[in-house]
Amino acid sequence: MFGAGNVHRGVTVSHGSKTVTDIDVLVMFADRVIVLQCKSKRLTLEARRGNDLQLRDDFKKSVEDAYDQALVSADALRKTGLKFKLADGTELRIATPRTIYPVCVISDHYPALTVQARQFLKPRTDEVIRPPLPTDVFMVDVLAEMLDTPLRFLSFLDRRVGMADRITMTNEYAVLGYHLSNNLWLAPGYSLGMIGDSCAIDLDTAMTVRREGLVGRRTPAGFLDRFGATLTGRILRNVERSDDPSLVELGMMLLTLSGDTLTDLDAGMAQMAARTRADGLRHDFTLIFDGTSAGLTVHCNPAPSREALDALRRHCERRKYMQRAEQWHGLLIRQDDGMPTAGIELCGKWTFNAALDADARAYAAKAHLNPVRKRLAGAPARKVGRNDPCPCGSGLKYKKCCLP
């Protein structure tokens, strides 16, 4: 899935002549890293009979020890002066990771593992290290089977661990099954979601079709095939194996969008490309996402690629500043077919900048701006009145700014 050059087994981390830790499987893709620490500790008979002390001891020697080792490895990935070597002596070059995902893998089936992890495991997270995913080798097999591109795998992993304290279930298969059918997402304002075992039925059926050669659907109906032949779907197919960090982040953001927003995004990209073909000028439109400090600007420009990319960056800088956003994506598309040629990502907390403030205000007043305000998956739309302030943040009335 990630490519042989991005997956490394048996990595030894050392400082001088001293071994710091060993990483069982290290996946490095774009600016994301997955650290898999595997344990073969089997669940003892006493634990299976319900002995609480034995159950706790078995969990400690498997999942908890794996997680402790994953944390040591994650810390090592951010330090300088350490060496990472494979079994054959090959030294790995480690770039500073943006995100590290610790995954604790056991070789035995632990009943209600997710419940045990919720009770016993004490996650340690920061801006780089995400919460852990405790699972077994059987679940890893299913994940790789159903989410068989880096983008889809990382997108699910990121959302799954990010919602660890907001969803409850008895097994991971139900979570994946729900994601494949409905897209794993919990609306703002909801503190807890419960996913029943029945959500795994379609996943179980699809895996049986794949492994046993039976007639039937190879993937559960829903999320995986909802993009179809749309422009957004074509974009995702173009970037879902890309190791460009900005395109990976853009793809992960696109996978969270609702059906209505995808429709508007497709229509906007097609419209921008058609306008540029007709008049030979550059055109933009912007999506601003409710409930999150982020947005997307799509830019179609007949100018040479470097000039067009510079124009897109300036546009995104202004937009990000106007919205006081922490994250902004830019997508440069071709005029002939609306497909992407480059992407950018701007990150950072908003701070006042006098020059940029004046530039953004002047830019917002221009008549050619045509932003669209939409929302993340499942969030209701809010009707904007003609005389209401424009949702783009320009300070003008909607009818004098972005009203189509």
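**Close-up views of a predicted model**

**View 1. Aromatic pairs, with F2 and F29 as the example.** Four aromatic pairs are found in a search of the whole structure, where rings of Phe, Tyr and Trp (its six-membered ring) pair if their centres lie within 6.5 Å, and planes under 30 degrees apart count as stacked, over 60 as edge-to-face and the rest as tilted. One of them joins F2 and F29, whose ring centres are 5.7 Å apart and whose planes stand at 65°, so the pair is edge-to-face. Because F2 lies in the segment before strand 1 (7-15) and F29 in strand 2 (residues 18-29), the pair ties together parts that are 27 residues apart in sequence. The model is predicted, so local features need pLDDT of at least 70 and side-chain atom pairs count only at pLDDT 80 or more, whereas totals for chains, interfaces and linings use all residues. Residues are numbered from 1 along each chain as its sequence is written, and side-chain values use heavy atoms, with hydrogens and water left out.

**View 2. Packing of helix 5 against helix 9.** Helix 5 (residues 150-162) and helix 9 (residues 245-254) pack at an angle of about 65°, their axes 10 Å apart (axes are lines fitted to C-alpha atoms over the stretch in contact, and angles run from 0 to 180 degrees between N-to-C directions; helices are DSSP runs of H or I with at least four residues, and strands runs of E with at least two). L151, L154, S155 and D158 of helix 5 meet V248, G251 and M252 of helix 9, contact meaning heavy atoms within 4.5 Å.
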